[in-house]
Amino acid sequence: MSKSFYHYPAWVRLWHLTNAVLCLFLIVTGFSMLYSDPDNALVVKFQRAVSIHNVCGVLLTISYTLFLFGNLFTSNGKHYLLNIKGLGKRLWKQGRYYAYGYFKGEESPFPVSSERKFNPLQQVSYVGVMYFALPMLFITGWALMFPEFILKKFLGFSGIFLTDQFHVILGFLVVIFLFIHLYVSTMGKTPLSNFRSIITGWQESH
Amino acid sequence: MILSRYFVCLTVILFVFSQQATARANYQDSLPVTRGAELSLYAEDNETNCLVCHGKLIYTLTDTVMGMTRKQLMSEQNLVIPGMFYNSVHWSFSCLDCHSEEFKIFPHSIEARFETSWGCIDCHGYDPNYEQYGFEEIDAEYQKSVHYTATDGLITCWKCHDPHYYNPLARQTRGGREYIIRSNEMCLRCHSNAEVMGLITDENVEIVLPKHEWLPDVDRHLEAVRCIDCHTRMNDSVLVAHEVMPADSAVRGCTDCHSQNSILMGTLYKYAARESRDEKGFVNGVMLRNDSYVIGANRSKLISFAGLLIIGMTLAFALVHTIFRIVVKPKDQVHE
């Protein structure tokens, strides 16, 4: 018998929605800039893509700062605290479940509860994205808007070139994260139940 | 040998000065006598002490003992055209701020004539007010340049940038073609003149144009590119690189400039980004309308391809997992 519990407070849902919309714009315009050429605009005209990307990047920085404050001053922050001890074992357990146990009808080794929002794999990837990839994306993105602060040369390459490549690689990581995030979200009680949760705030559980 | 080298250099310097004086004469008519509405606090002192003679092509020499006067022609290298001086960045200075007080006495003593000239770095170096211009780095670059090393430092800052008339070209010309032409004029004053170059070296020196005939579309290159873009070691932390390299080290490869990862591209990007921000502010100049981005400027085909590949693999993995979910039909799972 499953019951529902209130899992995502309003500010988390609002932030998540803002984050999602801005990230989508950033990814689409980012791809558009990366793969366009003067004769082929891909998705958006190059200069328009630059403007949209810059505006969304600045807004995402603001939204991220609010998220950091939220994590600092509410209980949401505890979900992002990694317990290193036994982490490898827990990751293996969760990985094995996704690859094998899930199909055999085994119980989820780390079922979602009000105390545990993320399973170990999710926790590691969320911490990686929120506390490493995004801050580095902000630093490199802002640096490209203030290029005089970028090292002129590093390992024989132009500093701007390397900063840009680092920004692109991190962008790819976020895209990969997004796809996995979306896919894993379909593995709830029903394929759509997790999507409903992040909109209504109520999570179904055993 | 050393003496003859010294004389050759001295002759070159005198010749360079005479060339600059001709250039000054050309500009003289087009420039105002004062800098805007302001008048230098030292204008009267300068006039009384120095410009009464050095500010005129023909000056009057007076023998106070005998009470005789005589008109003389001022040599070009000692001439300072007041109109151009008061239009330069150093307009507010007194002559004696930089020149020895002993010059107040006429005839000038030999000690005064031996005064050491100030260089740019002597006033502008290590001063937080001028930090943004990077004078220290410019001086370090200049000391590595062929202008310094091949002439024992006799080709000083002043041979290209006369302190009496100095105005930053980039700010004076608003960039563009005029900036490039004026920048190149500085080099061509000597380097387009076989006679001047012949005085520097015994080698058979070719002047600029014949040496650049190998360039495709040579005229467009010379109109659109500064000499220093190819003849200095590029450094994107100073706006104008000063490490002039020997001719055989100049950039010759097309891809050195026309490529995605060129230092030139980095310099241009920084310059364009800053200009855009200074002119239009952060919101309009950086976020909304930032023309410093160039399609493909920093593109790495390898990384762009690898990114797509990994994303493709992720999607393929999700697809395989989905197929398994459909085929195996796992029991009712509660799982995030």
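Predicted model: local features only at pLDDT ≥ 70, side-chain atom pairs only at ≥ 80, totals over all residues.
The largest nonpolar core has 20 residues. Those with the most contacts inside this core are Leu22(A), Leu26(A), Met33(A), Ala49(A), Val50(A) and Cys56(A). Four helices of chain A, namely H1, H2, H4 (120-145) and H5, each supply at least two of the core residues. A second, separate core numbers seven residues, and includes Leu79(B), Met84(B), Phe85(B) and Tyr165(B).

Let me take Ala49(A) as an example. Which residues does Ala49(A) contact, once its neighbours within four places in sequence are left aside? They are Thr29(A), Ser32(A), Met33(A) and Val44(A). Of these, Met33(A) is also among the core residues with the most contacts inside the core.

I come now to the packing of two helices in chain A. Helix H1 of chain A spans residues 10-35, and helix H5 of chain A spans residues 159-185. Their axes come within 11 Å and cross at roughly 130°. Because of that angle, H1(A) is oblique to H5(A). The crossing in which H1(A) passes H5(A) is left-handed. On the H1(A) side, the contact is made by Cys23(A), Ile27(A), Gly30(A) and Leu34(A). H5(A) contributes Val168(A), Gly171(A), Val174(A), Val175(A) and Leu178(A). Sorted by class, the contact of H1(A) with H5(A) has seven nonpolar residues, two polar residues and no charged ones.

The next topic is the contact between the two chains. Chain A gives 44 residues to the contact and chain B gives 37. On the side of chain A that touches chain B, the elements giving two or more residues are H1, H2 (46-73), H3 (87-104), strand E3 (157-158) and H5. Which of these elements gives the most? The answer is H5(A), with 13 residues. By class, this side of chain A divides into 25 nonpolar, 14 polar and five charged residues.

Finally, a few words on chain B. Chain B has 18 helices and two strands. Of its 336 residues, 17% count as buried. Among contacts in chain B with a separation of 6 or more, 56% are between residues 24 or more positions apart.

Conventions. Residues numbered from 1 in each chain as written. Chains lettered and ligands numbered in written order. Axes fitted to C-alpha atoms, helices over the stretch in contact; angles between N-to-C directions. Parallel < 35°, antiparallel > 145°, perpendicular 65-115°, else oblique. Left-handed = near helix turned anticlockwise from the far one by under 90°. Contact = placed C-beta atoms within 7 Å. Nonpolar A, V, L, I, M, F, W, Y, C, P; charged D, E, K, R; others polar. Buried ≥ 20, exposed ≤ 12 C-beta atoms within 10 Å, placed from the backbone. Core = buried A, V, L, I, M, F, W, Y, C linked by C-beta atoms within 7 Å.
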